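Work through the exercises below with the structure in view. Each task is followed by its solution.

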Amino acid sequence: MRRATDTGTRDRPGRRPWAGLPGVAVLLLMPALTPVGLTAAAQEAPRTGAATENRGGEAGMDDGTDGRATVRASGGFEVTLTPQATGEAGGGSGEGAKLGRMILDKRFQGDLEGTSEGEMLTAMAPVQGSAAYVAVERFSGTLHGRSGGFALVHRGVMDRGGQSLSITIVPDSGTGALTGIRGVMGISIAEGRHSYTLDYSLPDTPAP
């Protein structure tokens, strides 16, 4: 899988710079694979103040920490998405939702330092403002100074403008000093900058 060498400062052939859009961008990306279309979609999305924000985990969903004491990590990130061919199922002029597939590359700063790579599947409904995506990504780097990695799974739905998003650490995906990690991620945007929070626990997380 290719690793991004920049994060959207230039529009190279075959790549799209999405920096400056919400971390929940995929929900807003689907109206069109062009910066103009994405900007219009982002403007139509509901906002609270200057930020679009999604906390990992929907109502009634397990937060993945198994009741252990949690620690919060926070910082910023940049993302580059590369559209891919979808094959017969996603292409053509058939009726119904339009399907898409993208490769993602992220660079994290702050309490998370490192990169992640993954893939994303999208569905854009015929009704404006309704769409969905699923994605998996694998992070490698450090978390509060501990070296290792883990995988994240995303599920996002836009229902005529209303948004829900869940981003959870895949159980038992932790490696190195992050073995046994569990938790959920939230993402937001303010003044064109992506940020994240990660509420996580490890087997040796001290009790509060």
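**Exercise 1.** With which residue does E119 form a salt bridge?

Solution. This is a predicted model, in which local features need pLDDT of at least 70, side-chain atom pairs count only at pLDDT 80 or more, and totals for chains, interfaces and linings use all residues. Residues are numbered from 1 along each chain as its sequence is written, and side-chain values use heavy atoms, with hydrogens and water left out.

Step 1: a salt bridge is a side-chain nitrogen of Lys or Arg within 4 Å of a carboxyl oxygen of Asp or Glu. Step 2: the partner of E119 is R101, with the closest N and O atoms 3.1 Å apart. Step 3: E119 belongs to strand β5 and R101 to strand β4, 18 residues apart; strands are DSSP runs (E, at least two residues), numbered from the N terminus.

**Exercise 2.** Locate the two residues of the salt bridge between R72 and D199.

Solution. Step 1: their closest N and O atoms are 2.7 Å apart. Step 2: R72 is in strand β3 and D199 in strand β11, so the bridge ties together parts 127 residues apart in sequence. Step 3: R72 has 46% relative accessibility and counts as partly exposed, that is, between buried (under 20% relative accessible area) and exposed (over 50%), with a 1.4 Å probe and protein chains only.

**Exercise 3.** How many residues does the largest nonpolar core have?

Solution. Step 1: such a core joins buried Ala, Val, Leu, Ile, Met, Phe, Trp, Tyr and Cys residues through side-chain atoms within 4.5 Å. Step 2: the largest has 26 residues, and L143 is among those with the most contacts inside it. Step 3: L143 touches residues including L112, I181 and L198 (heavy atoms within 4.5 Å), not counting residues up to four places away in sequence.

Key
Helices (H or I, at least four residues) and strands (E, at least two) are DSSP runs, numbered from the N terminus.
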